[in-house]
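Take a look at the model below.

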Amino acid sequence: MRALSKGIFAALFALCAALPASATDWPTGPVTMLIGYKAGGGTDTKGRVLAKILTRELGQQVNVINRAGGGQAVALEGFKNEEPNGDMFFFGAVSGITLNPQINSALQFRADDYVYAGGLTEFQVTMVAPADAPFDDMAGFVAYAKEKGKIKYASLSPGAKIVMQAIARQSGLEVDYIPTKGGRGMVQLVLSGQVDFAYSGGIHARYPGKFKTIAAVSTKRLGNYPDTETLIEAGYEGVAIDAPTVVAFPKGIDPAIVAKMEAALKVASTDPDMMKISKSINMPIVYQTAAEASQLVEESAAAITIMLDTIGYKAS
Amino acid sequence: MESFLPVLESAFAPGNLAWILFGVTLGYLVGALPGLGKGTATAVAIPLTFYLSPLAAIAFLVGIAKGSTAGSAVSAILLNTPGEPSSTPTAMAGYPLARAGKAQKALKMGLFASVIGDLFSTIVLILVAQELAEYALGIGPVELTGILAFSMVFIAGLSGRSMIKGLIAGLFGILVSCIGLEVETGSPRLTFGMIEVYDGLPLIPVAIGMLALSEMMIQIGQRQRLQDEADLLQGSGIREDRIVTLGDWRRSARAILRGCLIGTGVGILPGLGASVGSFLSYGAERKASGRGADFEETGAIEGVAAAESADNAVVPASFVPLFAIGIPGSVIAAILIGAFTIQGITPGPLLFLENRDLILGVYISMIAASLFLLLIGYFGQNVFARIVRVSPALVMPIVVFLCCLGAYLQGGGAFGIGVMVVFGIIGFFAKKYDFSFVTFLIGFVIGPSFELSLRQTLGLVTDVSELLDHPVALAFGALAVFGVWRLTVLQRRQHEAMVRDQP
C-alpha cells in the first residue's frame with residue numbers, strides 16, 4: 001500500500017515537473033505561511049497581518065499555520081523536507097534558524113537548507129532592568145553586580161541564558177539564573193521585583209515607565225533604541241544575537257518565485273496596516289532584499305558560533 | 001460621565017450585539033462537542049476578527065469563551081464526556097442524574113449556575129480589576145509553588161477512592177508533562193529523538209484520549225446496558241424532574257455562592273486555570289454535604305451547581321491580570337492578547353487610560369454576553385437534549401469521529417491522533433483500575449508551571465529563612481502536607497471499617 005502510494009506520488013511529481021509551469025504564474029493555488037510560534041505572540045500577530053497583505057499582493061489566499069515548539073525548531077525541522085514548489089513558506093526570526101542547530105545536536109536542519117526571500121522587521125533584543133535600577137549602562141550594571149555579590153537574572157530562553165553566561169564569564173559576575181517561559185513570564189518577574197536583570201525580545205516597551213533598556217544584544221544598534229549601546233560596543237566581543245524576521249523557502253526553489261515574494265515583501269513594508277502593527281508590538285520595519293537577508297543569516301550564524309566558543313558551550 | 005453615552009451606543013449597536021450573540025451561540029455549540037473546548041473555539045475564531053472593529057472583535061471572542069465554557073456542561077451531563085477538562089466534575093455529578101431521568105433538571109441547573117458564576121465574576125472584574133491586579137502581582141513563583149502543590153493534593157484526595165492511587169496518577173501526569181524541551185537550556189527530555197514532541201505532548205489529544213476515547217471504549221463494551229439506559233435518559237416524564245425546583249435552589253445556593261468565590265479567586269491568580277477552580281469548588285461542596293461517594297453514585301444537583309458556577313467564574317476573572325497588568329490568567333486570556341494586538345491595542349497598565357471607552361464597551365458587552373448565554377442555553381438545551389434520544393450505536397461513532405477531528409486539528413495532524421489513541425488505552429486501564437484519570441490530567445496540565453515555579457523558587461530563595469517572607473506559600477505548603485496526612489488517615493479508617501463489616 002505504502003509503496004503503491006509512493007509510486008503514485010512519484011508519478012504525479014514527475015508529471016508536474018514535466019509540465020513547465022511558468023514561474024510568473026506562481027501562486028496558482030492557496031499558499032501556506034508557516035509560523036514556529038503559538039497563535040497570539042509577536043511573530044504570529046505580525047505574520048497574520050503580513051498574510052493579509054500577501055493575499056492581496058499575490059492574488060491567492062495566504063493561510064497561516066502555527067507549528068510551535070523548541071524556539072521554532074519544530075517548524076523548521078519539518079519545513080526542511082517540504083517540496084520547494086512555493087506552496088509553503090516560513091516566516092519567523094532568524095535566531096531560530098541560526099541558534100537552534102548550534103545548541104541542539106539532535107536537529108538536522110542548517111541555515112543553508114533554506115533560501116531567503118527577504119526580511120521585514122526585527123525583534124528589539126535587549127538587556128533590560130527595572131526602571132528603579134541604580135545603573136544605566138553595562139559598566140554601571142557590572143559595578144552594581146560586583147557590589148551586590150550575586151544578581152538574579154530572568155532567563156526566558158536558551159539564547160537568553162547563553163548571552164548572560166558570556167557576559168558573566170567575561171566580567172567575572174555571579175548570577176542566579178531564574179528560568180521563565182517567554183516574554184510575559186519575564187515581565188512578571190521584573191515588575192514584581194524578583195530579578196535584577198533580564199533579556200527582552202522587545203516586549204518591555206509595552207510597559208512604559210517600568211523598564212530601563214541597558215544594552216542591545218544585536219550586532220548593530222537597534223532601530224527603536226538608537227542611543228543604546230550594543231554589548232559588542234560595551235566590550236563584550238562577539239556577544240550578539242540578531243533576530244530580524246525573514247521569509248524563507250526550502251532549498252531548490254525557483255528563483256522567480258523568490259523574486260516575486262521579494263517584491264511583495266517590499267510592498268508590505270510600506271503598508272499602513274503593517275506600520276500600525278509594527279508600532280504597537282515594538283518590532284520596527286526593517287526591509288531587506290533577498291541578498292541582504294541571506295548575508296545577514298550567514299553573518300549571524302557565524303557570530304553565534306564565536307559566542308558559543310567563547311563560553312565553551314557544548315551542544316546537547 | 002458625559003462620555004458614557006457614546007460608549008453605551010457603540011456597545012448596544014445592533015452589529016455589536018449580533019456578534020456577541022453569534023459568539024455565544026458558536027461557543028455553546030463547540031463547547032457541547034466532546035473534547036472541543038474554549039481554547040479551540042477561541043483560537044479558531046481569531047482570523048474572523050480581522051475584519052471587525054476592536055470592540056466587536058473582543059466582544060465576539062469573549063462571547064465564544066463564555067458560551068463554550070457553559071456549553072461543555074451539556075456533553076458532560078448527557079454523554080459523560082466533558083467538553084473540556086474543567087467540566088469533568090460536572091460529568092461526575094451530573095451524568096448519574098441524567099441516567100436517573102433527570103437530564104433536563106441537571107442541564108438547567110448547570111446553565112443557571114454557569115450564568116450566575118459568569119455574571120458574578122464579570123461584576124468583580126468591572127469593580128476591582130485595577131486594585132486586585134496589584135495583589136495578583138504579589139503572587140510570585142514561591143506562592144504559586146505552594147498553591148499548585150496544595151491543589152494537586154486536594155484533587156488527588158478527592159477524585160478517586162484512594163489517595164495513594166490519586167497521587168500516583170497525578171505524579172504520572174507530571175512525568176508525562178516533562179516530555180519536550182526543558183525550559184531553561186532547551187535540552188530535550190524523554191523525546192526519544194521525536195521532533196513532534198519538542199514542545200511537549202499536545203494537551204488536547206491527551207485530554208480527548210483520556211476523557212472521551214477511553215470512555216467510548218468502555219461504553220462499547222457495555223452497549224446493551226447503555227441501550228437500555230438511553231431509554232431511561234428520555235426523562236421520567238415527571239415535571240419535577242425536568243425543572244429546577246425551589247428545593248433544588250435551596251440545596252444548591254450555598255454551592256453556587258462558594259463556586260462564584262472560588263472560581264473568581266482562581267481566575268485572578270495567573271496560571272491555575274478553570275480545572276482547578278471547578279474541582280476545588282466541587283470537592284468543597286462534596287465535603288460540606290457529607291454525602292461522600294454517594295455524590296457520584298446517585299448524582300448531585302448541588303455538585304453540578306458547584307462545578308459549573310466555578311468553571312464559568314474563572315473566565316471573566318482571568319481577565320483581571322490581563323486588563324490591568326497585561327499578564328494572562330488563562331488560555332483564553334492568552335489568546336485574547338493576540339486579538340488585542342491585532343487591533344493595535346496593548347493590554348496592560350495604560351489600557352484604562354488610552355482605551356477607556358473600549359474597556360467600558362467590553363464590560364457592557366460582557367454583561368450582555370452573560371444574558372445571551374442564559375437565552376441560548378435555555379432554548380438550545382431542548383435541541384441538545386435530543387442527543388440522548390439517539391441510539392448509542394449512532395452516537396459512539398460520531399463522538400469517536402469528533403475526537404479524531406479535534407486531535408487532528410490540535411495535535412499537529414496524524415501525530416495527534418496517535419497520541420490520542422495511546423492515551424485512550426492508558427485511560428481505559430486507568431478507569432478499570434480506579435487510577436483517577438482526572439488527577440493525571442491535572443498533573444499533566446499544571447506540571448510545566450509547577451516545575452517552572454519550583455525552579456524559580458529554588459533560584460529566588462537562597463536561604464531557608466527567606467521562606468518566612470512568603471507566608472502565603474508556607475500556609476499552602478502546610479495545608480498540602482496536612483491534606484496528605486488527613487486524607488490518608490480517613491481512607492485507612494474507611495478501609496478498616498469495610499474489612500470489619502465483611503463477614
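A:Asn85 sits in the loop between helix H3 (73–79) and strand S3 (88–93) of chain A. Helices (H or I, at least four residues) and strands (E, at least two) are DSSP runs, numbered from the N terminus. A:Pro250 is 165 residues away from A:Asn85 along the chain, yet their C-alpha atoms are separated by 8.5 Å.

A word on the source. This is a predicted model, where local features need pLDDT of at least 70, side-chain atom pairs count only at pLDDT 80 or more, and totals for chains, interfaces and linings use all residues. Residues are numbered from 1 along each chain as its sequence is written, while chains are lettered from A and ligands numbered from 1 in the order in which they are written.

How confident is the predictor? Its score, pLDDT, is its confidence in each residue, from 0 to 100. Chain B averages 80, and 84% of its residues score at least 70. Within chain B, helix H9 (residues 223–233) has the lowest confidence, a mean of 63, and H13(B) the highest, 92. For the complex, the predictor gives an ipTM of 0.71 and a pTM of 0.71.

Now some backbone details. Most residues other than glycine have a negative phi, and most peptide bonds are trans. A:Trp26 and A:Pro27 are joined by a cis peptide bond, with omega about -5 degrees. A:Pro27 belongs to the loop between helix H1 (2–18) and strand S1 (31–35) of chain A. In chain B, B:Leu190 is not a glycine, but its phi is positive, about 50 degrees. B:Leu190 lies in the loop between strand S2 (188–189) and helix H8 (203–221) of chain B. B:Asp434 also has a positive phi, near 60 degrees. Its loop runs between helix H19 (414–432) and helix H20 (437–460) of chain B. B:Asp434 is partly exposed, because it has 13 C-beta neighbours inside 10 Å.

Next, helix packing in chain A. Helix H7 (residues 158–171) and helix H11 (residues 290–311) cross at roughly 50 degrees, and their axes come within 9 Å. Axes are lines fitted to C-alpha atoms, for helices over the stretch in contact, and angles run from 0 to 180 degrees between N-to-C directions. H7(A) and H11(A) are therefore oblique to each other. Angles under 35 degrees count as roughly parallel, over 145 as roughly antiparallel, 65 to 115 as roughly perpendicular and the rest as oblique.

Chain B holds 21 helices and 2 strands. Of its 503 residues, 59% are buried. Helix H4 (residues 54–79) and helix H13 (residues 301–317) of chain B pack at about 165 degrees, with axes 10 Å apart. That angle makes H4(B) roughly antiparallel to H13(B). Which residues of H4(B) and H13(B) make the contact? H4(B) supplies B:Ala65, B:Lys66, B:Thr69, B:Ala70 and B:Ala73, and H13(B) supplies B:Glu308, B:Asp311, B:Asn312 and B:Val315. Two residues are in contact if their C-beta atoms, placed from the backbone, lie within 7 Å.

How values were computed: A residue is buried if 20 or more other C-beta atoms lie within 10 Å of its own, exposed if 12 or fewer, and partly exposed in between; C-beta atoms are placed from the backbone. pLDDT is the predictor's confidence in each residue, from 0 to 100.
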